[in-house]
Amino acid sequence: MSAQSRRRACDFLKKIGVDDLPPCTSPFDPGYDLVTLTGHLDQSSHLISILKISMACWIIANEEVTRHKIEAARARNVSTVTGGGPFEIAVAQRQLPAYLELCADVGVTRIECGEGFTDMNLEPRAVVSMARQQGLEVQFELGKKHGGSFGSRIVEELITQGNRWLEAGAVELIVEARESAQGVGLFDGEGQLNCGFADRFVDAFGFDRITFEAPNKPSQFALLDHFGREVRLSNVRLEELLRVEIYRRGLHSDAFGKPNLRPRVIPE
């Protein structure tokens, strides 16, 4: 078959009612080797909103490999963001300027800030200003890593905190779920999503500004089932990205029967 007559998957998707979607998932590199990461980028870069570069792993990995990873993402038009842990430790150790200089030098697009396991006495505007001076964007993570599931009062306090960071210039807010999505944030001890609290965040910030950590299949599917294809997810492992995206498009058997995910009907 000649190149001109090849059948294209994108044309087939249109025929079955699957619309083009903007990238809404921020996958997570927990410390893959360079070849593995590059392979995933070749396969799925068009589906990635921003790539999170590990936790603190990138700081202790071979530095040249870390720089190659970030450059590989940039070459495929994929922005990168650091995890929030190193930021918190840098603040606690009074080395935030040095951390920001390092992040800028290795070439990441954005840093994640938070108070997940520490408390910070810096004002949001001061942090955002320092980051901008290094050419870095800022996103802020809402919630404590060891604080258990959210209650109503905590949700309202986090919304107030989120507004302060957005007003200071943060470009995105992330809702904490750790690696388990169980007994933390929006998820109870059984891993069940509190839909009412999730709605409250979307009502406050809109889908464009709020992203939900969804580190495993139950959390990913629960958020997509509840909100539909517009919801922004993060902390999805790279090898799970395609599964999330077929679910988002109603191409997964568990999603096809859901009205908010099923592909639209094409008139005959």
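Helices, as the term is used here, are DSSP runs of at least four residues, numbered from the N terminus, and a residue belongs to the lining of a pocket when it has an atom within 4 Å of one of the pocket's grid points. The model is a predicted one.

With those terms in place, the largest pocket can be taken up, which holds about 410 Å³ of space. Its lining is made of 22 residues, and those that lie nearest the centre are Phe28, Met55, Lys145, Glu179 and Asn235. Helix H5 (84-92) and strand E8 (233-237) each supply at least two residues of this lining, and H5 gives the most, with four residues. By class, the lining of the largest pocket divides into nine charged, eight nonpolar and five polar residues.

The second largest pocket has a volume of about 290 Å³, and of the 14 residues that line it, Leu13, His46, Leu47, Glu245 and Arg249 lie nearest its centre. Helix H1 (9-15) and helix H11 (241-248) are the elements that give two or more residues to this lining, with H11 providing the largest share, three residues. The lining of the second largest pocket has eight nonpolar, four charged and two polar residues. Two of the residues nearest its centre, Glu245 and Arg249, form a salt bridge in which the closest N and O atoms are 2.6 Å apart, and both of these residues are buried.

Across the whole structure, a search finds 23 salt bridges. One of them joins the side chains of Arg74 and Glu71 at 2.3 Å, N to O; these residues are three apart in helix H4 (residues 63-75), and so are separated by about one helical turn. Arg74 is partly exposed, with a relative accessible area of 40%, and Glu71 is also partly exposed, at 39%. A further salt bridge, at 2.7 Å, N to O, links Glu157 and Arg153, which both lie in helix H8 (residues 152-168), four residues apart. Here Glu157 counts as partly exposed at 40% relative accessibility, whereas Arg153, at 57%, is exposed. Finally, Arg110, Glu137, Glu172 and Arg232 are linked in a network of salt bridges.

Methods
Residues are numbered from 1 along each chain as its sequence is written. This is a predicted model: local features need pLDDT of at least 70, side-chain atom pairs count only at pLDDT 80 or more; totals for chains, interfaces and linings use all residues. Side-chain values use heavy atoms; hydrogens and water are left out. On a 1 Å grid over the protein atoms alone, a cavity is a set of points where a 1.4 Å probe fits but cannot get out, and a pocket is an open set with protein on both sides within 12 Å along at least five of seven lines; lining residues have an atom within 4 Å of a point. Grid points are joined across faces, edges and corners, and a volume is the space filled by probe spheres set on the points. Ala, Val, Leu, Ile, Met, Phe, Trp, Tyr, Cys and Pro count as nonpolar, Asp, Glu, Lys and Arg as charged, and the others, Gly among them, as polar. A salt bridge is a side-chain nitrogen of Lys or Arg within 4 Å of a carboxyl oxygen of Asp or Glu. Buried means under 20% relative accessible area, exposed over 50%, partly exposed in between (1.4 Å probe, protein chains only).
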